[in-house]
Each structure stands twice: as C-alpha cells, then as structure tokens.
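Please open the structure in a viewer and keep the selection tool at hand.

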Amino acid sequence: MKVLFVCLGNICRSPTAEGVFRRALERAGMSNQVEVDSCGVGNWHVGKAPDQRAQQAAKLRGIDLSGLRARQLSERDFTDFDYVLGMDQDNLRAMRELKPANSSAHTGLFLDFAGTPGVEVPDPYYGGEEGFENVLNMIEAASNGLIQHLQRER
C-alpha cells in the first residue's frame, strides 16, 4: 500500500502529514506495510526542506521532518500510489486535472479520514505558530482515521 500527501508547495502541510502518518504507522505496527511520501502541486520549493515553523511544531511532538525535501506532483504518482490525498479543494482540483483516466488511485481530501468530509487543512504558511499547531492536530486525527481505514481494507 502506498499513500501520497499533497499540498500547494510541499513545505508545510504535506510534509507534516508524511511525518505524522509515518509515526502513526509505527505505532500501529504497520510501517513495513505502507509506504508514504508527500509532494506539492507547484514547483516553487522543489528540493527545499519543510518550513522551519512546521519542523519546529512537529519536533515538539517528537517528529523529525528535517530530512524531507519538496517535490512536485507528477502523472506517474497516480499509478505509483494507491491513495493520493490533498489538503484542500484547490489541491484536489489540481490533482484531478493531472490524474490519468486509467488511474485507479483513490483521490480525495485527507481530512475525510478524520470524519470531517469536505473540511480542508488550512495553509499555515502566512500565519503564526498557532496555525502549525492547529494543522498538526487536524493531521493527527486524519492519520488515525486513515490507519483505521487501511486496517479495515486488509
């Protein structure tokens, strides 16, 4: 099973989701069963590490994002991954425009797995540190829901 998280530039929300979900998989004893990655719909930050504020907020929860590097979403991702999950409606639109017709990858909003269909993970980039904390809380809830979903799928 392979899961890809997608946001705008791959420096805040999607790398946070990647780190949080990896930890959730470890806690569930599933880290060897699910591969995880993240990317952005845009190419502005390709090769860059996650935003320092995202790294700091994650670090306070025991999650290290420092080794992650931004990359851009590609058509191939829709054949390589089983789940391609966006953080907001704009990401989802861009994903669906790029998704090949023959792809069977599930595309949707990540927070659907938190039991909050249609709700977006807000972009904390232009806000303060509390925005990164809020994003972490939302992503942790969705990660737990996705773990439960994947366990039911097995």
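Select Phe 5 and Phe 21 to begin: both residues are buried in this predicted model. Their rings form an edge-to-face aromatic pair, with 5.5 Å from centre to centre and 75° between the planes. Now display the secondary structure around them. Phe 5 belongs to strand 1 (residues 2–7) and Phe 21 to helix 1 (residues 13–27), so this pair ties together parts that lie 16 residues apart in sequence.

Phe 5, Phe 21 and Phe 110 make up one aromatic cluster. How many aromatic pairs does a search of the whole structure find? The search finds four, and the pair of Phe 5 and Phe 21 is one of the aromatic pairs.

Next, select Tyr 125 and Tyr 126. These residues also form an edge-to-face aromatic pair, at 4.8 Å centre to centre and with 85° between the planes. Is Tyr 126 buried or exposed? Tyr 126 is exposed, its relative accessible area being 79%. Tyr 125 is partly exposed, with a relative accessible area of 29%.

Arg 53 lies over the face of Tyr 125, 5.4 Å from the ring centre.

For the last stop, select Lys 2 and Phe 81. Here the charged end of Lys 2 sits over the ring of Phe 81, at 5.1 Å from the centre of that ring.

Conventions:
Residues are numbered from 1 along each chain as its sequence is written. This is a predicted model: local features need pLDDT of at least 70, side-chain atom pairs count only at pLDDT 80 or more; totals for chains, interfaces and linings use all residues. Side-chain values use heavy atoms; hydrogens and water are left out. Rings of Phe, Tyr and Trp (its six-membered ring) pair if their centres lie within 6.5 Å; planes under 30 degrees apart count as stacked, over 60 as edge-to-face and the rest as tilted. Helices (H or I, at least four residues) and strands (E, at least two) are DSSP runs, numbered from the N terminus. Buried means under 20% relative accessible area, exposed over 50%, partly exposed in between (1.4 Å probe, protein chains only). A charge sits over a ring if NZ of Lys or CZ of Arg is within 6 Å of the ring centre and within 35 degrees of the ring normal.
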